[in-house]
Amino acid sequence: PREAAADNLKVLGIPDRDAAAKPNLIDLSLFYNAPKGPVPWLPCGIRNWAGNDFDVRGVIDVGSGEPPGVLYSFAGADRNVMQNIAVEQKCSRLHFIHAAGRLIRSQQDLPVPDGTAVARYVVHFTGGESIEIPVVWGADVADAYGPPLESNPQLMIVWAGFKEPAYGEPKPVRLFKSTWNNPRPELSVTSIDIIVLKEHLS
């Protein structure tokens, strides 16, 4: 509902969606559960990254231990799942901007081997069909807190900056882009779920 989305943005301090945003930029206003998170200096608004426009305003933070929604618990009690992100349109491909963060509690949490499926997106279509998209460490995402340049050619960094810590030196941070080619472009995508698979990862 439009009113619920407006309330969610207000609580989180996220600006309203730009009136110039086209329908193909999925409106996440209802589903943000964090402001721009660990990157508050990230440019806000419609941004063209790697040839595609994105509506950059907030963060859907899954797996970090934060509640699944500030006002509305769309994901239920499971902090590792965010369900029913509305799309309601046909598409030939989906572009994701994402990154991962390791919640380090012990040495055995490090490192995450390349090739590990750390999360998945579940794309739901009209008629009940769904397709899972694995999010693979070292191919789709890596640690958000890493060098601005990446030696791994499989990873596409679309934005890099620095986090100003409470003390110490600024920390490099980056975001990655992945593209999924839709094998069922004739069907309308109704919604997308985000599921974190690996413990101590967001």
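Contact here means heavy atoms within 4.5 Å. This is a predicted model, in which local features need pLDDT of at least 70, side-chain atom pairs count only at pLDDT 80 or more, and totals for chains, interfaces and linings use all residues. Residues are numbered from 1 along each chain as its sequence is written, and side-chain values use heavy atoms, with hydrogens and water left out.

Start with Trp-180. Neighbours within four places in sequence aside, Trp-180 is in contact with Ser-92, Arg-93, Leu-94, Phe-96, Val-123, Phe-125, Ile-131 and Ile-133.

Trp-180 also belongs to the largest nonpolar core, which has 30 residues. Such a core is a set of buried Ala, Val, Leu, Ile, Met, Phe, Trp, Tyr and Cys residues joined through side-chain atoms within 4.5 Å. Buried means under 20% relative accessible area, exposed over 50%, partly exposed in between (1.4 Å probe, protein chains only). Val-118, Val-123 and Trp-180 touch the most other members. Strand S5 (117-125) is among the elements that give two or more residues. S5 supplies the largest share, five residues. Helices (H or I, at least four residues) and strands (E, at least two) are DSSP runs, numbered from the N terminus. A second, separate core has nine residues, including Trp-49, Val-56, Val-158 and Leu-175.

Now turn to helix H1. H1 spans residues 2-12, and Ala-4, Ala-5, Asn-8, Leu-9 and Leu-12 are buried there. These residues sit on the same side of H1 because they cover an arc of only 135 degrees around the axis, taken from the directions from the helix axis to the C-beta atoms. Arg-2, Glu-3 and Lys-10, on the other side, are exposed. Gly-13 follows H1, with a positive phi near 70 degrees.
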